[in-house]
2 protein chains.
Amino acid sequence: MAKMNESRELVIGVIGGMGPMATADFLAKLTAATPVATEQDHLRVLIDSNPKIPDRNHAIRGTGESPASAIAETARGLQRSGADFLVMACNTAHAFESAIGDAVSIPFVSMVEEASDACVRRHPSARRVGLLAAPGCLNAGLYQTALSRRGRQTIEPPENYEADFAALLYQIKTSGVSDAVRAGMKALGGALIAAGADVLIAACTEVPLALKDGDLCAPMVDATSNLAERCVRYARRIEAIPTTY
Amino acid sequence: MAKMNESRELVIGVIGGMGPMATADFLAKLTAATPVATEQDHLRVLIDSNPKIPDRNHAIRGTGESPASAIAETARGLQRSGADFLVMACNTAHAFESAIGDAVSIPFVSMVEEASDACVRRHPSARRVGLLAAPGCLNAGLYQTALSRRGRQTIEPPENYEADFAALLYQIKTSGVSDAVRAGMKALGGALIAAGADVLIAACTEVPLALKDGDLCAPMVDATSNLAERCVRYARRIEAIPTTY
């Protein structure tokens, strides 16, 4: 890693565009999460909103090209441009996280690990977690592994859950959020609660575009919002970036 | 300019962070303005959200450091990272536009010229334009010059307008949008209409965070939204980027 001036704020690099509206949401949440007295107190953020990265769900299902090399190329570009650490505004893409570690020498802050930490920290008595997540994210077991290491169980999604979730997800990615999409996402969250979830994680960056904490009768951890809050602490060196989770 | 593959889509570079919420708004509007069948059809966008760029209003008033060199450095970084053309998600910063031309060899699409074009195109019979703009933007005469070349008059802002606008603007930049900010921005728009404006331009990227077209009894051209729409046409080569306006 290049030698850094230890007193200065860190520059955040965002591997984005998966999808682009979720990347805009991350920047908005990061801005809202940054306490400032002047505009110049806000954090510098380099964003490569690169929707050309191949579809993660298709790749995990084995029906599409791997996004690993495009993610690696995007990560390298952000390091070259001056990012001090990287995040990725897509949960499912974390299945290809190792491609980032191989491509760059700056730290990567995991949205999945950070959201799992937040879930345990904010809801210590909740044992059973419902995942509002894409099929690829569920099938790669990203959150199941992270939560199980923290002593938490994940709810087996109800029948047709993956197909129903995917339908909403791709609608948001291509057409934005409608009232029907909001109602559909709320129904999926409700089904996870009915199946026994004490807490939900919005474990896909398109979910909080359509559903907010408070919309359902169980609390929801927004992985995007939480990552934004963590980035403020890391960029301002209030906390050190974890070398391992 | 580097030789480009003439058939491929162009990569957009955004000189952003002035403020960061306005940059997030631009990315959201660009995404919404892009017709797509799949996520991968969305445009690639490189964003340097750089709130460290010095305050434009202070510089124009002569009470602060010029942002020109920071804008030039940001522009150069975006060209190096692969942007094919640049935009700047801040109207007032266009007073320092020449610094971009001097720093890079890729085209710069002017939000001010594009919004002035849109105003004339969409509201051909409107002669008197009210500018919801920051003091620096008004004092640099950016829109007054662009609109006068198009045969349009701008409304002389009412007494205290600049101070009242600046108060709302800095509140949005540091604390976000509240109901009081929304009401205040609506009142300023109303005052321009009372002073004779047939049409308004949201000529500051913080304005559309607090006020939408339809909130007032005269139409409003959102310079951010319009720039997003123009970027889609330029990036997809539906229209050539103007070499001059």
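What follows is a chat about a predicted model with chains A and B.

Visitor: What are the ground rules here?
Guide: This is a predicted model, in which local features need pLDDT of at least 70 and side-chain atom pairs count only at pLDDT 80 or more, while totals for chains, interfaces and linings use all residues. Residues are numbered from 1 along each chain as its sequence is written, chains are lettered from A and ligands numbered from 1 in the order in which they are written, and side-chain values use heavy atoms, with hydrogens and water left out.

Visitor: How many residues does the contact take from chain A and from chain B?
Guide: Chain A gives 39 residues and chain B gives 39 residues; contact means heavy atoms within 4.5 Å.

Visitor: And what area is buried between them?
Guide: About 2900 Å², with carbon and sulfur atoms giving 50% of that. Buried area is the accessible area (1.4 Å probe) that two parts lose on being put together, summed over both.

Visitor: How many salt bridges across the interface?
Guide: The rule finds 10 between chain A and chain B. A salt bridge is a side-chain nitrogen of Lys or Arg within 4 Å of a carboxyl oxygen of Asp or Glu. Over all chains, the search finds 36.

Visitor: Which partners does Arg44(B) have?
Guide: One is Asp48(A), with the closest N and O atoms 2.5 Å apart. Arg44(B) sits in the loop between α1 and β2 (45–49) of chain B and Asp48(A) in strand β2 of chain A, so the pair joins two chains. Another is Glu73(A), at 3.7 Å, N to O. Helices (H or I, at least four residues) and strands (E, at least two) are DSSP runs, numbered from the N terminus.

Visitor: Is Asp48(A) buried or exposed?
Guide: Asp48(A) is buried, with a relative accessible area of 5%. Arg44(B) is buried too, at 18%. Buried means under 20% relative accessible area, exposed over 50%, and partly exposed in between (1.4 Å probe, protein chains only).

Visitor: What does Arg56(A) pair with?
Guide: Glu39(B), in a salt bridge of 2.9 Å, N to O. Arg56(A) lies in helix α2 (residues 56–61) of chain A and Glu39(B) in the loop between α1 and β2 of chain B, so this pair joins two chains. Arg56(A) is buried at 4%, and Glu39(B) is buried at 3%.

Visitor: Now helix α5 of chain A. What is its span?
Guide: Helix α5(A), residues 111–122, has 12 residues and reaches 16 Å from its first C-alpha to its last, close to the 16 Å expected at 1.5 Å a residue. The expected span is 1.5 Å times one less than the number of residues.

Visitor: Which of its residues are buried?
Guide: Among them are Met111(A), Val112(A), Glu113(A) and Cys119(A). Elements covering the buried residues include β3 (85–88), α7 (142–148) and α11 (223–235) of chain A.

Visitor: What does Glu113(A) form a salt bridge with?
Guide: Arg149(A), the closest N and O atoms being 2.8 Å apart. The pair links distant parts of the chain, 36 residues apart, with Arg149(A) in the loop between α7 and β5 (153–154) and Glu113(A) in helix α5 of chain A. Arg149(A) is partly exposed at 48%, whereas Glu113(A) is buried at 14%.

Visitor: Last one: what does Asn226(B) touch?
Guide: Not counting residues up to four places away in sequence, Asn226(B) touches Glu114(B), Ala115(B), Ala118(B), Arg121(B) and Arg122(B). Asn226(B) is in helix α11 (residues 223–235) of chain B and counts as buried at 1% relative accessibility.
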